[in-house]
Every structure is written in C-alpha cells, then in structure tokens.
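Thanks for coming, everyone. Please bring up the model on your screens, and I will walk you through it.

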Amino acid sequence: MFNSATVADTSRRQCLQTLGVAVATGLWSGHGAKAAAGVTTIRFSHVVAEDTPKGLAAERFRALVNERSGGRIQVQVYPRAHLYGDHDEMQALQLGAVEMLAPSLSKFGRIGFPEFELFDLPYLFPDVASVRRITQGALGQRMLERLMRQRLVGLGFMDNGFKHMSANRPLLAPEHFVGLRMRVQASRVIAAQMRALGARPVTLAFSETRRALAARVVDGTENPISNFWTQRMHEVQTDFSLTQHAYLGYAVVANQRFWSSLGRSDRELVATALQEALQFGNQVADLQNDKALKALREAGTTRIHQPDEGQLSRMRAAVAPVHSELAQRIGPQWLTDARAVLAA
Ligand code: SIN
C-alpha cells in the first residue's frame, strides 16, 4: 500500500517532467484550460477530504463560479491529492497543469517563502482571531503579493484551526515525545518544534501519512481534528492529545499566466466568488473541527486527553527556543511586524 502511493507519485512526477519539457520548448502553451467551446476550466487541486473546512470552501467556490458564470467558467475540484499532492502540486501549478491550489501555509517555505513559516511557530497565536489580524490585514496582503516572484497569484487566506498531537500514547508533556518519529509537513519551524520536544521529525506528504502511521513508519503526527478524523487516523492512533500548540491555515494561489489570461470581469467574478467561499470556509472551520471531535469521541477508538495547566506550561517552555532559533530563517523583520500586529 505504502509503495503504491510512491508509484503514483513517481508517475505523476514523470508526467510533470514531460510537461516541463513541453513548456520549455514551447510545445505547450500551458494556461487555462480554455476549451474549444469557449468554456474556461479551473482545475482546483487540494490534498484533504471533501468534508473538511478547505474541502467545503472549495466546493462552495465551484458552485458559485459555475452558477454566476452560467457555466462559462467551470471549476473542477480534485480533493484528497487525487490529481497532485504535496510533492508535485506547486510544480504543477507553476507549469499550468492546474490553475488553482490551496496549500497549507507551512508548505510555502520550501518554495522560497520562509516568512509563511511564522504561522507554524508554536504557541505564537492565542486564538484564530489573532491569526486573522495578520492574514486579513496589510501584513497578510504583503505576504500574498510576494508570491508573484514565483509566478503565483496569492488570492486569499483561509483557516483550518489549531493542531493537536497524536500517537499510540498520550503526548501531554515534553518527556512523552522523546524518541518518537513524528510526521511533519515540510516546514523547518515544525521540524524544530518536534526536535525541541525530543522527537524526530519525519517529513511526509499528507496523502502518505495515514499509511505511514499504520505501517509504523512514523509513530505520531499533529493535525487539526478535522484532518485527523477525515483521514481516518483514529483507526491507527490510540491517543489524541488536545495540545492546541500551533495553527494550520491555507493560502489560495493561482497560476499567474492563467490569471492574467482571464478578462477583467471574469477575474472579478472568480475573485469575488473565492472571497465568499473563503469566508464561508472560515465560518464552518470551527464547526467542522467540533463535529470531528464529537465523532472521534463517539467512535471510541482513540483516547482523548486534555493537558493540564502545568503540562501546557512545560510544553510552552520546551518549544519557546524555536522562536529565536528560526527567526533568521523566517526573517526578523517579518517576525517584528507580526508581533507588532499581535500586540496592537
Ligand atoms: C492540509 O490541511 O492541507 C494538509 C496539512 C498537512 O499536510 O498536514
């Protein structure tokens, strides 16, 4: 099973390499997906399930665009990494093999935007409202605009929520992590956080995580509850600890050539529909996570633990050095600006 994902990833990678050659040699023009009948197709790929905050927002976006354009612009949503996954989705977007993505903010560092990893800093944000003061303000806008350097158009942010820890044992204090292999996203901040807790970070694609947990390739991971539940990780993890240690959110990005190929009114239609869909996603994010927690309790497969104040303060103390260790990578000015927004 584990290998079949790798085989699928390899063949997708080969496909992208071929596409890359075609683009480089001018054999393929890339953008959009403008079909003969005058229908513009927007392929929107993401890695999570349909009934997560991101999955629901993507579906709302699809419905709004299709309806408001009278079917002239068709959004096709590809969930669960069916089209592209963590390994190849950014490359697919840049080559024009998809038009839109909504990667987690943690996945922008490795393509040259380490400032996005500030959202991964453990215990930086007390709640989602504080995150929004950055994502919905001038600082967030500045972050989105910089994506243009990689031919990506940053269209907006969306929340999932706060992450918690899972494994086959409770993870309530730093000593519980010692020696564990913990799956992480490709973020240096998250890797440093796991090391600070005494665990070994293992970077894996989201779509490979459940299989890796089941095969004991890794011992545990971190997730908002909606991702944990919809990936059925509760079937392969006996303990879920409500550490609420860091935030997970998304940025929606479009291929720049595709975006500029749209006429002004279509661009407005798509951008407006997306803003509405993101607002909707933000509204349902808490609800989806609450529903997933309830479902997890009812399933009875996984013990749910609440750290006490003493355990939480030891967790905070253990990961505190990550803030200064990673400041240079994130960019000290970005951190100063983020802290100023949070303190204001
Ligand atoms: C996602 O929510 O898009 C996936 C996050 C992860 O890779 O853990």
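Let's start with the overall count. The protein has 14 helices and nine strands. Both are DSSP runs numbered from the N terminus: helices are H or I with at least four residues, strands are E with at least two.

Two notes on the source. This is a predicted model, so local features need pLDDT of at least 70 and side-chain atom pairs count only at pLDDT 80 or more, while totals for chains, interfaces and linings use all residues. Residues are numbered from 1 along each chain as its sequence is written.

Now burial. Of the 344 residues in the protein, 48% are buried. Buried here means that 20 or more other C-beta atoms lie within 10 Å of the residue's own; 12 or fewer is exposed, in between is partly exposed, and C-beta atoms are placed from the backbone.

Next, contacts. Two residues are in contact if their C-beta atoms, placed from the backbone, lie within 7 Å. Take the contacts between residues at least 6 apart in sequence: 78% of them join residues at least 24 apart.

On to the helix pairs. Find helix α2, residues 53–68, and helix α10, residues 264–299. Their axes come within 8 Å and cross at roughly 150°. Axes are lines fitted to C-alpha atoms, for helices over the stretch in contact, and angles run from 0 to 180 degrees between N-to-C directions. So α2 and α10 are roughly antiparallel to each other. The cut-offs: under 35 degrees is roughly parallel, over 145 roughly antiparallel, 65 to 115 roughly perpendicular, and the rest oblique.

α2 passes α10 in a right-handed crossing.

Who makes the contact? On the α2 side, the residues include Leu56, Phe61 and Leu64. On the α10 side, they include Ala273, Ala277 and Phe280. By class, this contact has 15 nonpolar, two polar and four charged residues. Nonpolar covers Ala, Val, Leu, Ile, Met, Phe, Trp, Tyr, Cys and Pro; charged covers Asp, Glu, Lys and Arg; the others, Gly among them, are polar.

Arg72 lies in the loop between α2 and β2, residues 73–78. Arg72 counts as partly exposed because 14 other C-beta atoms lie within 10 Å. Leaving out residues up to four places away in sequence, Arg72 touches Gly38, Val39 and Thr40. Thr41 is 31 residues from Arg72 in sequence, yet 8.5 Å away in space, C-alpha to C-alpha.

Helix α4, residues 128–135, packs with helix α14, residues 332–343, at an angle of about 125°, with axes 9 Å apart. That angle makes α4 oblique to α14. The crossing is again right-handed. Ser130, Arg133 and Ile134 in α4 meet Ala338, Val341 and Leu342 in α14. By class, that is four nonpolar, one polar and one charged.

Tyr123 is not a glycine, but has a positive phi of about 55°. Tyr123 lies in the loop between β3, residues 100–101, and α4. Tyr123 is partly exposed, because it has 19 C-beta neighbours inside 10 Å. Gln244 also has a positive phi, near 45°. Gln244 lies in strand β8, residues 239–255. Is Gln244 buried or exposed? Buried, because 20 other C-beta atoms lie within 10 Å.

Over to helix α11, where we find Ala318. Ala318 has 18 C-beta neighbours inside 10 Å, so it counts as partly exposed. Its contacts, not counting residues up to four places away in sequence, are Pro174, Ala196 and Leu197. Arg195 is 123 residues from Ala318 in sequence and 9.8 Å away, C-alpha to C-alpha.

Gln306 is in the loop between β9, residues 303–305, and α11, residues 309–319. Gln306 is exposed, because it has 11 C-beta neighbours inside 10 Å. Pro170 is 136 residues from Gln306 along the chain, with 9.4 Å between their C-alpha atoms.

Last stop, the ligand. Which residues surround the ligand? They are Val47, Val48, Ser104, Asn160, Gln185, Phe206, Asn227 and Leu248. A residue is near a molecule or strand if its C-beta atom, placed from the backbone, lies within 6 Å of it. The shell divides into four nonpolar, four polar and no charged residues.

Definitions and conventions:
Left-handed = near helix turned anticlockwise from the far one by under 90°.
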